[in-house]
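This report describes a structure for a reader who is new to the subject. Look at the sequence and the model first, then read on.

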Amino acid sequence: MVTMSTDSSTTIEPMSLADIAKEHGDAGVTNREAVFQVNDLAVSYSGNVAIRDVSLDVFENAITAFIGPSGCGKSTLIRCFNRMNDLVPGAKIAGQVLYHGKDLYADDVDPVEVRRRIGMVFQKPNPFPKSIYDNIAFGPRVLGLKDDMDGRVERALQQAALWDEVKDRLKESALGLSGGQQQRLCIARCLAVEPDVILMDEPASALDPISTTRIEDLMHELKREYTIVIVTHNMQQAARVADMTAFFSVEVSPDGKRTGIIVEYDRTAKIFTTPADKRTEDYVTGRFG
Amino acid sequence: MRISFQEELDALESSLRVEGELVLRSLRGSVEAVCAQDLELADEVIAFDDDVDSQYFAIEQGIELLLARQTPVASDLRLVLALLKDNLHLERMGDLCVTIAKLTKLTKGLQPDDALLEGFKEMGERAEQMIRVALRSLEQRDRVAAESLLELDELIDRANRRVVNRLLDLGHDLEVREWGLRMILVSRCLERIGDHAVDIGEQTAYLVTGEFREFTDASH
């Protein structure tokens, strides 16, 4: 005789509508601590202002997306969060970026330490031409974190949802992995040094839809422990993954100079249902140009 | 600019207007049939509902396709959601007209009460006006006009109560009572058509403001 199973261990607790509303509602992420506080930021390259007048807070354990057309300064802004612009000759920063309340650009701040705590994943997966294992172990070794390296590597690969696929070939070259796997490897490499924030600049734009979905699922998992900022051209990706969305646009001066500005920053649910600014509405609904 | 997307949205909206016109014809036919005891016209109203239904299905499929292919957001999303619900409200109005037509056939040969029939004429006109206001408020994104439907609904509700009171006064004659029972349902159908018009108005308000809200707490 067949009986209905009542074994609770097999039951997956469904997400309730109240949970969903809470996650996307007013009482969501904006009550959390601000990991970054950007005040009147402007960035210029050799005198050309790339982006100006940016003020926004990035909230803890949330995914914040930056969207906008090319040249709106969204990549420039995300690079301010781990001082990547320091490496660009002629780059100049005005205004303030506070990280947990501390000025990220103060004289006593070590940019290398900043980049350990605030990791970055780029558009094109860029693994080192080394083994999978060494790619992950590289960062910890540089930082002198030597004990339990195997455990560290495994944890990072587990967190990046790559462990099961590579655990039997850790000594093989990372370049033999697929594009999607390489990108998750880069995320694992970023996680291995135990950062606080992960910056992602178009992390899925070079990947197929299946790999993209895996990265997006991964972001969803990772935000429990990390704060994530993502730059994306894919508006639906922002709509799918982000808690907060900032829309940037380009202002063209009479002499033809193009400068990025922030137009609207709000909960993602608001940006994609009832944006306050006409320019945001035009962009997200595809009525631009 | 997504030209084909905008064209599809426009096509959906104009299809809904066409559906509205069909429902108005159905409403006028059903009220005329019940007031004139015109059984032939009642049959026509019943058959005509197929036209309303096929318009309803065409819009439903258009919305399904648009959601699947275009992923509308912001005001486009609100418009599509409003159209989805307005479509159902119009189709329900069409069904209520069919019910009136069927009740007309069921009361064949029974003696009508002229005062009541006058009441139906009034309710029919009010319902027609409400449908027009609802459709126009959508077309013009006019929240004030949409909210005015609440007052119009109050008038049709009052007319409905007058019909009920009149029926209670009709006396104990069995035939009159049977006719009266059927006519209470006719009155109720017309009153419900008004409610659906109010619901369309609520969708317009949502489309304009982005806020989900019922115009009134009480279920109309």
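How many bridges join strand 1 of chain A to strand 4 of chain A? Eight bridges join strand 1 (residues 34-45) and strand 4 (residues 91-99), and the two run antiparallel. The model is predicted, so to speak of local features requires pLDDT of at least 70, side-chain atom pairs count only at pLDDT 80 or more, and totals for chains, interfaces and linings use all residues. Residues are numbered from 1 along each chain as its sequence is written, while chains are lettered from A and ligands numbered from 1 in the order in which they are written.

Chain A has eleven helices and ten strands (DSSP runs numbered from the N terminus: helices are H or I of at least four residues, strands E of at least two). Strands pair if DSSP finds at least two bridges between them. Strand 4 of chain A also pairs with strand 5 (residues 102-103) of chain A, in the antiparallel sense, over two bridges. Two residues lie between these strands in their hairpin, where A:His100 takes a positive phi near 45 degrees.

Two bridge partners are listed here.

| Residue | Bridge partner | Strand of the partner |
|---|---|---|
| A:Asn39 | A:Gln96 | strand 4 of chain A |
| A:Leu98 | A:Asp103 | strand 5 of chain A |

Of the 289 residues in chain A, 42% are buried (20 or more other C-beta atoms, placed from the backbone, within 10 Å of their own). The C-alpha atoms of chain A fill a box of roughly 75 × 50 × 35 Å along the principal axes.

Chain A also touches chain B: the contact takes twelve residues from chain A and ten from chain B (C-beta atoms, placed from the backbone, within 7 Å).

Terms used:
Two residues are in contact if their C-beta atoms, placed from the backbone, lie within 7 Å. A residue is buried if 20 or more other C-beta atoms lie within 10 Å of its own, exposed if 12 or fewer, and partly exposed in between; C-beta atoms are placed from the backbone.
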